[in-house]
Amino acid sequence: MSSLSSSIADLRKSYERAELSESASHTDPLQQFDQWLQEALRAQVPEPNAMTVATVGGDMRPSTRIVLIKGYDERGIVWYTNYDSRKGRELAGNPFAALQFHWVELERVVRIEGRVEQVSAEESDAYYNSRPLDSRIGAWASPQSQVISSRSVLVTNAARYGAQFLLNPPRPPHWGGFRLVPDRWEFWQGRKSRLHDRLCYRLEDGVWLRERLAP
């Protein structure tokens with residue numbers, strides 16, 4: 001084993017900030033998520049809205065990337081992207097995904113699984129129109145996940161679309177929102193001696209069942 005690998009193997013941290021018990025948690029996982037996200041916002045952790053999205057392609061190979069949550073309610077968790085991107089193509093073929101939030105400073109992880117659907121055109125339009133102008137132009141300029149020869153391709157595209165649309169670019173037809181409709185949640189709270197707290201919520205006959213998992 002190399003010295004670098006050895007030093008990584010020796011890294012240790014004791015998780016002792018908080019606990020997660022059945023009596024102190026919500027019976028509705030959305031309420032529990034809302035509480036934890038609000039606490040992450042108040043704690044000013046870096047990018048509390050960042051989440052990993054995992055999808056699986058037709059070749060059965062999983063892939064992950066970081067996106068930003070842009071909304072959540074009883075219908076599910078929403079983010080926006082290019083529908084022609086790798087994740088968009090994979091979701092078109094297999095409309096199931098997993099999300100993960102990792103708030104390192106709070107020693108917390110939230111995992112969410114479920115079916116994914118596109119949000120309505122009206123929702124996508126409303127969010128797109130709320131974005132800064134350069135972000136709206138960027139949605140046109142970037143052929144997301146495609147091979148490009150250099151960064152100049154993006155710069156040239158941005159200049160071209162900026163000149164074409166000026167201050168009012170419409171939403172690209174290939175760009176919009178996805179909503180994951182959860183059927184499984186897991187809340188992970190780091191604890192001492194690696195005896196972490198894990199509460200799992202799974203949907204059964206329209207009712208959320210809460211169970212404790214071994215760490």
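Biologist: Where is A139 found?

Modeller: A139 is found in helix α5, residues 133–141. Helices here are DSSP runs of H or I with at least four residues, strands are runs of E with at least two, and the numbering starts at the N terminus. This is a predicted model, in which local features need pLDDT of at least 70 and side-chain atom pairs count only at pLDDT 80 or more, while totals for chains, interfaces and linings use all residues. Residues are numbered from 1 along each chain as its sequence is written, and side-chain values use heavy atoms, with hydrogens and water left out.

Biologist: Why is A139 called buried?

Modeller: Its relative accessibility is 7%. Buried means under 20% relative accessible area, exposed means over 50%, and partly exposed is in between (1.4 Å probe, protein chains only). A value of 7% therefore makes A139 buried.

Biologist: Which residues is A139 in contact with, leaving aside its neighbours within four places in sequence?

Modeller: They are Y128, R131, P172, H174 and W175. A contact requires heavy atoms within 4.5 Å. A139 can also be placed relative to N82: the two are 57 residues apart in sequence, and their C-alpha atoms are 7.4 Å apart in space.

Biologist: What makes a space in this model a pocket or a cavity?

Modeller: The search uses a 1 Å grid over the protein atoms alone: a cavity is a set of points where a 1.4 Å probe fits but cannot get out, a pocket is an open set with protein on both sides within 12 Å along at least five of seven lines, and lining residues have an atom within 4 Å of a point. Grid points are joined across faces, edges and corners, and the volume is the space filled by probe spheres set on the points. The largest pocket has a volume of about 300 Å³.

Biologist: Which residues lie nearest the centre of the largest pocket?

Modeller: Of the 14 residues in its lining, R131, S135, A139, Q144 and W175 lie nearest the centre. The elements that give two or more residues to this lining are β2 (62–68), β4 (76–82) and α5. The lining divides into 6 nonpolar, 6 polar and 2 charged residues. Nonpolar here covers Ala, Val, Leu, Ile, Met, Phe, Trp, Tyr, Cys and Pro, charged covers Asp, Glu, Lys and Arg, and the others, Gly among them, are polar.

Biologist: How many cavities of 30 Å³ or more does the structure hold?

Modeller: It holds 1. The largest cavity contains about 40 Å³ of space and is lined by R111, I112, E113, R184, W185 and E186. By class, that lining has 2 nonpolar, no polar and 4 charged residues.

Biologist: Why is the pair of W36 and F187 called edge-to-face?

Modeller: Rings of Phe, Tyr and Trp (its six-membered ring) pair if their centres lie within 6.5 Å, and planes under 30 degrees apart count as stacked, over 60 as edge-to-face and the rest as tilted. The search of the whole structure finds 17 aromatic pairs. For W36 and F187 the centres are 5.5 Å apart and the planes stand at 90 degrees, so the pair is edge-to-face. W36 lies in helix α2 (residues 29–42) and F187 in strand β7 (residues 175–189), so the pair ties together parts 151 residues apart in sequence. Both W36 and F187 are buried.

Biologist: Is the pair of Y127 and W175 stacked or edge-to-face?

Modeller: Y127 and W175 are stacked, with 6.2 Å from centre to centre and 10 degrees between the planes. Y127 lies in helix α4 (residues 121–130) and W175 in strand β7, so this pair ties together parts 48 residues apart in sequence. W175 has a relative accessible area of 6%, so W175 is buried.
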